[in-house]
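Student: I have a chain open on the screen and would like to go through it with you. Can we take it topic by topic?

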Amino acid sequence: MVDSVKTLCPYCGVGCGLEVSSPRFSGTGNPTDEQGNPIWKVTGDRAHPSSQGMVCIKGATITESLYKNRLEYPMMRDSLEEPFRRCSWDQALTRIVDHIKLLRSTQGADAICMYGSGQFQTEDYYIAQKLLKGCLGTNNFDANSRLCMSSAVSAYIKSFGSDGPPCCYEDLEHTDCAFLIGTNTAECHPIVFNRLQKYLRKNRKARLIVVDPRTTKTAEAAHLHLAIKPGTDIDLLNGIAHILLEWGEINTFFIDECTKGFYEYAEVIRHYPPELVAAKCGISVPQLKKAARYWAKANRVLSLWSMGINQSSEGTAKARTLINLHLMTGNIGKPGAGPFSLTGQPNAMGGREAGGLSHLLPGYRSVLNAEHRRDVEQFWKLEPGRISPTPGRDAWRMITGLETGDVGLLWIAATNPAVSMPDLSRTKAALLKSPLTVYQDAYYPTETSAYAHILLPAAQWSEKTGTMTNSERVVTLCPQFRLPPGEAKADWQIFAEVGKRLGFTSQFNFKDSAEVYAEFVQLTRDRFCDLTGISHQALLRSGPIQWPCPQDHSRESKRLYTDFRFPTPDGRAQFAAYHSKGLAEPPDPEYPFILTVGRLYGHWHTQTRTGHIPKITKMYPYPRLEIHPQDAARINIADGEWLEVRSRRGKACFLTQITRAITPGTVFVPMHWGALWAQHAEANLLTHSEACPISLEPELKACAVQLIPVLASSATLIDVSELNSKLANF
Ligand code: SF4
């Protein structure tokens, strides 16, 4: 199609600009791989404001994942015991539409669920909302962002009155103190970390504090590493606040003029004296005071967080407690300062704009708000009352709905819940009960395809045109530069086709994705996330654009809240007064260790893409369990021996890696290995589904486990070289 294109990396929420070119363009011929597929050259886009030409191994190798194990044609089967048979689009869509009609007339629209993904482009998200929440009248659309950053969304909304990260990446280069909590930025958001490290090398007075139970690559670079016990984040944050208040290192002007709720908060933090907090967190009082001193001395503190805060049964409380520190010290709305949630997926932010969680509507609206529902119904030309006032099922309640028979159709798109959901045995058992599961994905097989009745081939990044928004609110156009394989179609086209077949012809009459985006941005007019100044054409012309970007360009700003006014009824930010509750499942004599899970540099989520890239799989061929030498001695295990890890829900086996990088009493395993890639090494067989009551984000980060040394023969790891035959037989 074309020889060179500027686009966005489709892996993580950093949102790095890429330049993808065909070598033919540079006059070096048109090389192909062993299967005859063209080889594309990927470099960082120097003009992209977020990444400034930098790119990590995932972005650099992305095109190696484009041709392997692709789902090319619709397929279906009557039961999960049968093999799939190829079918036409018409046959597949007819079966889906008939089933939707049947469910609407028998169980009602709330028996229909869609579980989407932060891998969607904004256009895919938008059309899915229009189909489910608008035309079908059910709010049962949720995305895998529920497992990732929904706690950050609810914390921003409750503290500031609206979602929307207030900071930008430039703040990394203006801060006096970077406070990183619950984020292994070096491995999971590497280009953000590169920018920060470059700045810290030049500015020796700036400080880096890292809070993490593991000595990660991020922690190794810190001036102060607080290796707190899992689940003690609120103790730590309230403890720092206690010291700052005692020292008088607070911004009384900001507290008085721009916030409310400080006195209730002050009453809570009174109960967090340094000795108590240090003992609870497993750190020393001098360490705690040093952290408070860094906060006190800095004019500009920037905090970054991700899953270590969000994936918790008190995720919203943790994020709000962190925001409290910014409010009490006035560290927001100015360069180098603010609470900055790093999103995991490339377009989790676009999903938030388009209303892609079960309680949201497009344009940062809520299904709970009657005016918001009315706005959207009118815009979509639907009768009043069509949009339900009840939040739909979140991801976990889709699983429990399958258990109870209340869910009659589960439509999964661009995500792999048979690896990524908590309490995986229960998840898989529920998936087996599904009357009809539609699985729409670019790849086949995946672990989830084993549970599907209908497979729909989706065009992915590079094969369709659409937009994505990264963590700093920068929207980038990702143009199509290759043809999709076989009969694959863009996700939004598939949803629109189903909508039309259900009789909503005028609602889904789009010529292309530029028209979809043009319609979507109208729903953001005069909203906090105003995108009406952005279009595919403008992005093509000017490159990436940050929001807010109204049509008249009157509210453009790199940072939010620079006037210290917040989108709450009285314009004030709200302090939150939370005591620490700790882990939902703390260790006990029967399950004495805490298991924490996380990501490795290079790998991405469930390896659907990265598992096919040799440069990446060679880095970490197998999952290893990190254990402290004291604990290894306690259970009499040597480095490289096998350990069975048991929780109340399941068990898995891992090779041990004895390391002082992990806090005693805690063990770590990576979450990337599903049943396709290693047998009995699925981290989520162990995790539980207890969730934050506000954000409904499950506590994937911690559960109680037993560790039992076993013989090597009791577990099997799949050699990368054996993978293809396994894939063929999966
Ligand atoms: Fe892609 Fe994230 Fe790496 Fe940037 S940091 S190249 S967005 S994976």
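Predicted model: local features only at pLDDT ≥ 70, side-chain atom pairs only at ≥ 80, totals over all residues.

Student: Fine. What is the strand order in the open sheet of 7 strands?

Tutor: The order is 5-4-18-17-16-6-7, and the pairing is mixed. At the edges are strand 5, residues 85-86, and strand 7, residues 141-143, each of which pairs on one side only.

Student: In which sense do strand 6 and strand 16 pair?

Tutor: Parallel, over 4 bridges, with strand 6 covering residues 112-116 and strand 16 covering residues 409-413. Within that pair, cysteine 113 has leucine 410 of strand 16 opposite.

Student: Which strands does helix 3 touch?

Tutor: Helix 3, residues 122-136, packs on the sheet and touches strand 6, strand 7 and strand 16. The direction of helix 3 makes about 150° with that of strand 7.

Student: And helix 20, which strands does that one touch?

Tutor: Helix 20, residues 491-501, also packs on the sheet, with contacts to strand 6, strand 16, strand 17 (437-441) and strand 18 (454-457). Its direction makes about 155° with that of strand 16.

Student: Changing topic. How many residues are in the largest nonpolar core, and which ones touch the most other members?

Tutor: There are 122 residues in that core, and Phe179, Ile209, Leu236, Ile240 and Trp411 touch the most other members. Helix 3 supplies the largest share, 8 residues.

Student: Take isoleucine 209. What is it in contact with, leaving aside neighbours within four places in sequence?

Tutor: Isoleucine 209 contacts Cys177, Ala178, Phe179, Leu180, Leu224, Leu226, Ala291, Tyr294 and Trp295. Another core lies apart from the largest one; it has 44 residues, including Val42, Met54, Ile57 and Leu302.

Student: On to charges. How many salt bridges does the count come to?

Tutor: The count is 35 salt bridges. One of them joins lysine 6 and aspartate 45, with the closest N and O atoms 3.1 Å apart. This pair links distant parts of the chain, 39 residues apart: lysine 6 is in strand 1 (residues 4-8), and aspartate 45 is in the loop between strand 3 (41-44) and helix 1 (57-61).

Student: Is aspartate 45 buried or exposed?

Tutor: Aspartate 45 counts as buried because its relative accessibility is 5%, under the 20% cut-off. Lysine 6, at 42%, counts as partly exposed.

Student: What does arginine 365 meet in a salt bridge?

Tutor: Its partner is aspartate 375, at 3.6 Å from N to O. Aspartate 375 belongs to helix 16 (residues 370-379) and arginine 365 to strand 15 (residues 365-366), 10 residues apart. Here aspartate 375 is partly exposed at 30% relative accessibility, while arginine 365 is buried at 7%.

Student: Which residue forms a salt bridge with glutamate 463?

Tutor: Arginine 482, with the closest N and O atoms 2.7 Å apart. Glutamate 463 sits in the loop between strand 18 and strand 19 (466-469) and arginine 482 in the loop between strand 20 (474-478) and helix 20, so the bridge ties together parts 19 residues apart in sequence. Glutamate 463 is buried, with a relative accessible area of 3%, and arginine 482 is buried with 7%.

Student: Last one. Which residues are linked in a network of salt bridges?

Tutor: Glu170, Asp171, Lys558 and Arg559 are linked in such a network.

Technical notes
Residues numbered from 1 in each chain as written. Heavy atoms only, no water. Pairing = 2+ DSSP bridges. Helix = DSSP H or I, 4+ residues; strand = E, 2+ residues; numbered from the N terminus. Contact = heavy atoms within 4.5 Å. Axes fitted to C-alpha atoms, helices over the stretch in contact; angles between N-to-C directions. Core = buried A, V, L, I, M, F, W, Y, C linked by side-chain atoms within 4.5 Å. Buried < 20%, exposed > 50% of the residue type's maximum accessible area, 1.4 Å probe, protein only. Salt bridge = Lys/Arg side-chain N within 4 Å of Asp/Glu carboxyl O.
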